[in-house]
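These are my notebook entries on a single chain. I record what I looked up, in the order in which I looked it up.

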Amino acid sequence: MSGNTACFNLFKAPIAKADPGDAKTLAVDRSPCLFNLISTTAQTRTLARPEKEGAFVSIQMQTDGGDITLTVTGGYNETGATVIVFQEVGQVAVFQSFATSAGVLFWRLIASDGPLLSGSSIVNVT
């Protein structure tokens with residue numbers, strides 16, 4: 001990839017991944033990455049620990065047939081909160097991956113619009 005086409009090629013690259021379904025894991029293997037969640041009843045998902053530092057993932061509820069409870073492996077904030085509940089179409093949460101000085105990778109919630117955040121000191125962005 002030449003320098004003058006790098007941004008164009010990255011823009012054209014697919015970022016969306018299929019929703020794996022109830023009780024499954026969202027594994028981020030690209031950045032940016034997008035998961036459009038689809039529910040038919042109350043369901044759960046787990047966001048896997050990141051594989052590299054600096055990755056971005058956006059998760060939104062695309063189809064609402066029931067709430068989706070997302071568990072973020074390793075927590076999504078400084079206090080270690082792990083649960084986010086998507087209740088309505090269009091609710092979104094955006095995460096970025098970071099590493100501790102010991103090299104342990106973790107997610108941080110950097111923006112959200114609508115989902116319920118448990119134990120969080122983060123203000124929802126609207």
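Entry 1: charged pairs. I began with R30 in this predicted model, and I find that R30 forms a salt bridge with D29, with the closest N and O atoms 2.9 Å apart. I note R30 as partly exposed because its relative accessible area is 27%. Salt bridges with shared partners join R30, D29 and K17 into one network.

For D29 I read a relative accessible area of 48%, which makes the residue partly exposed.

How many salt bridges does the structure hold? I count three. Besides the two above, I recorded the one in which the side chains of R45 and D19 meet, at 2.7 Å from N to O. R45 is a residue of strand 4 (residues 43–47) and D19 lies in the loop between strand 1 and strand 2, so the pair links parts that are 26 residues apart in sequence. Are these two residues buried or exposed? R45 is buried, with a relative accessible area of 1%, and D19 also counts as buried, at 18% relative accessibility.

Entry 2: N36. I looked next at N36, which lies in strand 3. The residue is buried because its relative accessible area, 18%, falls under the 20% cut-off. Which residues does N36 contact, leaving aside its neighbours within four places in sequence? I find K17, D19, Q60 and Q62. The side chains of N36 and Q60 are joined by a polar contact of 2.7 Å.

Entry 3: I traced an open sheet of five strands in the order 1-3-5-8-9, with mixed pairing. Its edge strands are strand 1 (16–17) and strand 9, each of which pairs on one side only. Strand 8 and strand 9 run antiparallel and are joined by eight bridges. V94 stands opposite A111 of strand 9. These two strands form a hairpin with five residues between them, and in the turn I find G103 with a positive phi of about 85°.

Entry 4: the nonpolar core. I looked up the largest nonpolar core and find 22 residues in it. Which residues have the most contacts inside this core? They are L47, V57, I59, F86 and F95. The elements that give two or more residues to the core are strand 3 (33–38), strand 5 (56–63), strand 6 (68–72), strand 7 (83–86), strand 8 (92–99) and strand 9 (105–113).

Not counting residues up to four places away in sequence, F86 touches L37, I59, M61, D67, I68, L70, Q91, V92, A93 and P115. I note that I59, one of these, is also among the residues with the most contacts inside the core.

Entry 5: the whole chain. I closed with the overall values. The secondary structure comes to one helix and 10 strands. From the N terminus on, I read the elements as α-β-β-β-β-β-β-β-β-β-β. The radius of gyration is 15 Å, close to the 14 Å that the globule rule gives for 126 residues, so the chain is as compact as a globular protein of that length. Along the principal axes, the C-alpha atoms fill a box of roughly 45 × 35 × 30 Å. I find that buried residues make up 33% of the 126 residues. Of the contacts between residues at least 6 apart in sequence, 52% join residues at least 24 apart.

Notes:
Residues are numbered from 1 along each chain as its sequence is written. This is a predicted model: local features need pLDDT of at least 70, side-chain atom pairs count only at pLDDT 80 or more; totals for chains, interfaces and linings use all residues. Side-chain values use heavy atoms; hydrogens and water are left out. A nonpolar core is a set of buried Ala, Val, Leu, Ile, Met, Phe, Trp, Tyr and Cys residues joined through side-chain atoms within 4.5 Å. Buried means under 20% relative accessible area, exposed over 50%, partly exposed in between (1.4 Å probe, protein chains only). Helices (H or I, at least four residues) and strands (E, at least two) are DSSP runs, numbered from the N terminus. Contact means heavy atoms within 4.5 Å. Two strands pair if DSSP finds at least two bridges between them. A polar contact is a pair of N or O atoms within 3.5 Å; within protein, one must be able to donate a hydrogen and the other to accept it, and residues adjacent in sequence count only if both atoms are side-chain atoms. A salt bridge is a side-chain nitrogen of Lys or Arg within 4 Å of a carboxyl oxygen of Asp or Glu. The radius of gyration is taken over C-alpha atoms; the globule rule is 2.2 Å times the number of residues to the power 0.38.
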